[in-house]
Structure formats: C-alpha cells, structure tokens
Amino acid sequence: SHRIYSVGGVVIKPTTPGHFEIFVAGSLNNNSIAFDDDPFFLKFDDTGALLSSTRYSSTNMLETVRDAILLNDGKLLLAGEARGNSDGTPINAGAEWGGWLMKINPDTNGVIWSVRSKPAISWNKVTESPDGIIFTAGNFLPIVTADIPAMTVGAYNANGGIERLVSLAEP
C-alpha cells in the first residue's frame, strides 16, 4: 500500500478567464520498502474534481518534494532532494543524496527533465526569474558540518543545467 508522505507544494494555474487548475505535488511512500519515496502530481479543476494523478516511480531512489512552482512557460517544477546510489545498488540510510529538480508538463503529466546536484544538498525552496533562470535555496550538509548546515544557493538554466552553486556561512 502507498501513503502520502508529504505535500511539497500547491500551485494554481489559470486556464480560461475565471477558471483555473490546482496542482498538488509531494512524496508517496511505499510502506513495504524502506527508503522508497516517489514524487506524485495531482491535478484538480476549479470545482475540486480530480483530473489526473501520477506517481513517478523510480528504482533504488528516494525523492522528497519540498517545493513546487509554476514556471514562466506553464510547466511545473518540483524541488527537493533525491537519495540513491550511483552504482544502482539498493539504497540505505547512508546512500548518496543531493538537491533535486524535476520539470513536468502538466498537460501530459510527462517528465521533461530531472536532475540531481552534487551530494549533500537539499533544496527547500525554488523560484524562477523573469528571464527563465531557476534559483534554488537549501542546505549543504557535508559530514564535517552535519550539525551546522550551511545555506546553499543554486542557479540553473531552463534545461536543468547548473550554472552556479554557492554555499554560505559554512564553518
């Protein structure tokens, strides 16, 4: 069985004058498998009727949605963290993790791209500038400073390529 683990964001997208769609994004947990969280996306109309629901299932990966925004191009962007082992082995508490972004086409529910940054980053907030640069903010938790996380800010281009990554207040 599956259960909603967390809701990372609720976004309103205007459709026709006076009408809109409501997007809810978050993480589902598979109760039978440890470290198996997958992102989900629900779409409702302005009356509250469910239009679609999608679970983005992954193998040996745990994705946690912490924020969601509507981009300038009308697509949905999820932000959070992804944990998994690059060698494909089953994940565990010590698995590699990093800041994670996933761009979704809300018309088809299809994934346009999904990227994970360098290890030990968790994106908590995301926004987009008028010229399409995606900015993220979160924590950088290297082993040495795990009890005192540094703030990290990232800048991504419209295709998910990282342009800049800066950690602030690292001891």
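**Chatting through a twelve-strand model**

Colleague: Starting with Lys 13, is that residue buried or exposed?

Modeller: Lys 13 counts as buried, because its relative accessibility is 17%. The cut-offs are under 20% relative accessible area for buried, over 50% for exposed and partly exposed in between, with a 1.4 Å probe and protein chains only. Keep in mind that this is a predicted model, where local features need pLDDT of at least 70, side-chain atom pairs need 80 or more, and totals for chains, interfaces and linings use all residues. Numbering runs from 1 along each chain as its sequence is written, and side-chain values use heavy atoms, without hydrogens or water.

Colleague: Which residue forms a salt bridge with Lys 13?

Modeller: That would be Asp 107, with the closest N and O atoms 4.0 Å apart. Asp 107 sits in the loop between strand 7 and strand 8 (110–119) and Lys 13 in strand 1, so the pair ties together parts 94 residues apart in sequence. The term salt bridge here means a side-chain nitrogen of Lys or Arg within 4 Å of a carboxyl oxygen of Asp or Glu.

Colleague: And Asp 107, buried or exposed?

Modeller: Asp 107 is exposed, at a relative accessible area of 56%.

Colleague: How many salt bridges are there in the whole structure?

Modeller: The search finds four. One of them joins Arg 55 to Asp 38, where the closest N and O atoms are 2.5 Å apart. Arg 55 belongs to strand 4 (residues 50–55) and Asp 38 to strand 3 (residues 37–45), so this pair ties together parts 17 residues apart in sequence. Asp 38 is buried, at 0% relative accessible area, while Arg 55 is partly exposed at 28%.

Colleague: What does Glu 81 pair with?

Modeller: Glu 81 forms a salt bridge with Arg 66, the closest N and O atoms being 3.1 Å apart. Glu 81 is in strand 6 and Arg 66 in strand 5 (residues 61–70), so that pair ties together parts 15 residues apart in sequence. Glu 81 is buried at 9% relative accessibility, and Arg 66 is partly exposed at 34%.

Colleague: You keep saying strand. How many helices and strands does the chain have?

Modeller: Zero helices and 12 strands. Both are DSSP runs numbered from the N terminus: helices are H or I with at least four residues, strands E with at least two. As for burial, 47% of the chain's 171 residues are buried.

Colleague: Switching to the inside: which residues touch the most other members of the largest nonpolar core?

Modeller: Leu 77, Leu 101, Trp 123, Val 126 and Ile 134, out of 14 residues in that core. Strand 6 (76–84), strand 9 (121–128), strand 10 (134–140) and strand 11 (150–156) each supply at least two residues of this core, and strand 9 gives the most, with three. By nonpolar core I mean buried Ala, Val, Leu, Ile, Met, Phe, Trp, Tyr and Cys residues joined through side-chain atoms within 4.5 Å.

Colleague: What does Leu 101 touch?

Modeller: Leaving out residues up to four places away in sequence, the contacts of Leu 101 include Leu 77, Trp 113, Trp 123, Val 126, Ile 134 and Tyr 156. Contact means heavy atoms within 4.5 Å.

Colleague: Last one: where is Phe 135 found?

Modeller: Phe 135 is in strand 10, and it is partly exposed, with a relative accessible area of 35%. Not counting residues up to four places away in sequence, Phe 135 touches Lys 125, Val 126, Thr 127, Ser 129, Gly 154 and Ala 155.
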